[in-house]
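Subject: Structure handover and findings

Hi,

Here is the structure for you to work with. My notes on what turned up follow below it.

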Amino acid sequence: MSPSMSRSRSRRAALLLTLTTCLASPAPGQSSPAGTLPLADVELIRFDAVNAEAQAKEDALREAQGLPWRFAVPRDVELTPGQVGTWEALPSGGWLWRLRVGADGAHSLNLGFSQFRLPDGAALNVRSADGEHALRPFTSADNDEHGELWTPVLFEQELVIELR
């Protein structure tokens, strides 16, 4: 399934984000760093709404076949911070990369990174666009042998990914 994105050029790279509509509880929020671009100026990748009627038919067929219930509707894309998002120099001397990801009509979102490895001192934050809900920061302590990271879900239609 090919998503409709705000940027139409090819997305080829090592980072796979899988957006899913699923259920879980939100985490406490956090805001954007001071001195950064307004969120409206940060690139947005937006996916079309899921066809709920078609999904319900597929779910009924799966149930009739004795298959497990659907957890989510994945939307696979390949992209890297070198291709999409917004890089900013921070007053402290570090760098901040941000990308907004949205899915119209989603009940919730979570992200899957197919290649995840952070160096010591780096942090990846995932939060709602309104700053009300956030996941804990992911750091080099979250690096694993398989090289992937799957985030918990947030009950949101738009997320902000921040890498420092």
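Is E158 buried or exposed, judging by its relative accessibility? E158 counts as buried, at 16% relative accessibility, where the cut-off for buried is under 20%. Keep in mind that this is a predicted model.

**E158 and its charged partners**

E158 sits in strand β9. Its contacts, leaving aside residues up to four places away in sequence, are L44, R46, R100, V101, G102, L109, R127, S128 and A129.

Take R100 to begin with. E158 and R100 form a salt bridge, with the closest N and O atoms 3.0 Å apart. E158 belongs to strand β9 and R100 to strand β5, so the bridge ties together parts that are 58 residues apart in sequence. R100 is buried too, with a relative accessible area of 11%.

Then R46. The side chains of E158 and R46 make a polar contact at 3.0 Å.

The salt bridges go on from there. Through shared partners they join R46, R100, D104 and E158 into one network.

**Other salt bridges**

The count for the structure comes to 9 salt bridges. Here are two more of them.

- D59 and R70 meet through their side chains at 2.8 Å, N to O. D59 is in helix α1 (residues 52–64) and R70 is in the loop between α1 and β3, so this pair links parts 11 residues apart in sequence. D59 counts as partly exposed at 30% relative accessibility. R70 counts as partly exposed as well, at 26%.
- R136 and D142 meet through their side chains at 2.7 Å, N to O. R136 is partly exposed at 48% relative accessibility. D142 is buried at 18%.

**The aromatic pair**

How many aromatic pairs does a search of the whole structure find? The search finds 1. It is formed by F113 and F116. The ring centres are 6.2 Å apart and the planes make an angle of 50°, so the pair counts as tilted: over 60 degrees would be edge-to-face, and under 30 would be stacked.

F113 has a relative accessible area of 3%. F116 has 5%.

F116 lies in the loop between β6 (112–113) and β7 (124–128). Not counting residues up to four places away in sequence, F116 touches L124, F138, T139, D142, N143, G147, E148 and L149. D142 in that list is the salt-bridge partner of R136. F116 and S140 are 24 residues apart in sequence, and their C-alpha atoms are 9.4 Å apart in space.

In soluble globular proteins, nonpolar side chains tend to be buried together. Here the largest nonpolar core has 25 residues, and L99, F116 and L124 touch the most other members. The elements giving two or more residues to this core are β2 (44–47), β3 (75–79), β5 (95–103), β7 and β9. The largest share, 4 residues, comes from β5.

Setting aside residues up to four places away in sequence, L124 touches F113, F116, L118, R136, P137, F138, L149, I161, E162 and L163. Both members of the aromatic pair, F113 and F116, are among these contacts.

How many of the residues of β7 are buried? The count is 5 of its 5, and β7 is mostly covered.

β7 pairs with strand β9 (residues 158–163) in the antiparallel sense, over 5 bridges. Within this pairing, V126 stands opposite I161 in β9. I161 is also one of the contacts of L124.

**Where to look**

- F113 with F116: the tilted aromatic pair.
- L99, F116 and L124: the residues that touch the most other members of the largest nonpolar core.
- β7 alongside β9: the antiparallel pairing, with V126 opposite I161.

Best wishes

Terms used. Residues numbered from 1 in each chain as written. Predicted model: local features only at pLDDT ≥ 70, side-chain atom pairs only at ≥ 80, totals over all residues. Heavy atoms only, no water. Phe/Tyr/Trp six-rings, centres within 6.5 Å; stacked < 30°, edge-to-face > 60°. Buried < 20%, exposed > 50% of the residue type's maximum accessible area, 1.4 Å probe, protein only. Contact = heavy atoms within 4.5 Å. Pairing = 2+ DSSP bridges. Core = buried A, V, L, I, M, F, W, Y, C linked by side-chain atoms within 4.5 Å. Polar contact = N/O pair within 3.5 Å; in protein donor to acceptor, adjacent residues only side chain to side chain. Salt bridge = Lys/Arg side-chain N within 4 Å of Asp/Glu carboxyl O.
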